[in-house]
Amino acid sequence: MERGKLIIFAAPSGSGKTSIVKYLLAQHLPLTFSISATTRPKRPNEEEGVDYFFLTPKQFQEKIVAGDFLEWEEVYAGAYYGTLKSEVDKLLEKGENVIFDVDVLGALNIKKIYAEQALALFVKPPSVEALKERLKIRGTECAESLKRRIDKATYELSFAPDFDITIINDHLEEAQSDAKQIVLNFIK
């Protein structure tokens, strides 16, 4: 059986990355979404191994020390999220293509580990100004939070040249169509 491949999507918040990944998963392509591990409490409707792998902070820390994560991040104090290498390797061994929706540095780390077996895609807004408008329209940010997100996005945009392909998301439907064609070409 042929090993699967990895398709890694990363982008600044508000660029449309998650919308593109959800679109691709809804297209019935041969893709399996990478399930993250987290230390946050399990919600009533969530299932272990389906939504997340739920770990205690101690378990998560032990796995960090052991080098068990492809990438991980402390999103806010005590709330960790990460991708377990063992889980990804299980899927690849079964010949499944694994799709990721991760942060920019995590994406580059995964790409570095899997090299040619992975395709790293960067979703870029048409401009920082357009990104700022998208985040304002969401209505979820106060002025200070918006500034932090824009500063982080500007930093993350500096990594775009390190990715295999950059998709500019000026029009979501076009970006989704471009992403679908790129992914199909890579996994065939």
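Modeller: Two strands pair if DSSP finds at least two bridges between them, and helices (H or I, at least four residues) and strands (E, at least two) are DSSP runs, numbered from the N terminus. This is a predicted model, in which local features need pLDDT of at least 70 and side-chain atom pairs count only at pLDDT 80 or more, while totals for chains, interfaces and linings use all residues. Residues are numbered from 1 along each chain as its sequence is written, and side-chain values use heavy atoms, with hydrogens and water left out.

Colleague: Which residue in β6 is the bridge partner of Trp72?

Modeller: Strand β6 covers residues 79-84, and six bridges join β5 to β6, the two running antiparallel. In β6, the partner of Trp72 is Gly82.

Colleague: Which are the edge strands of the open sheet formed by five strands?

Modeller: The five strands follow the order β2-β7-β1-β8-β9, and the pairing is parallel. Four bridges join β8 (residues 118-124) to β9, with Val123 having Ile167 in β9 as its bridge partner. Pairing on one side only, the edge strands are β2 (32-33) and β9 (165-168).

Colleague: At about what angle does α1 run to β7?

Modeller: Axes are lines fitted to C-alpha atoms, for helices over the stretch in contact, and angles run from 0 to 180 degrees between N-to-C directions; contact means heavy atoms within 4.5 Å. Helix α1 lies across β1 (6-10), β2, β7 (98-101) and β8, and its angle to β7 is about 160 degrees.

Colleague: What is the radius of gyration of the chain?

Modeller: The radius of gyration is taken over C-alpha atoms, and the globule rule is 2.2 Å times the number of residues to the power 0.38. Because the chain has 188 residues, a compact globule would have a value near 16 Å, and the chain agrees with this at 17 Å.
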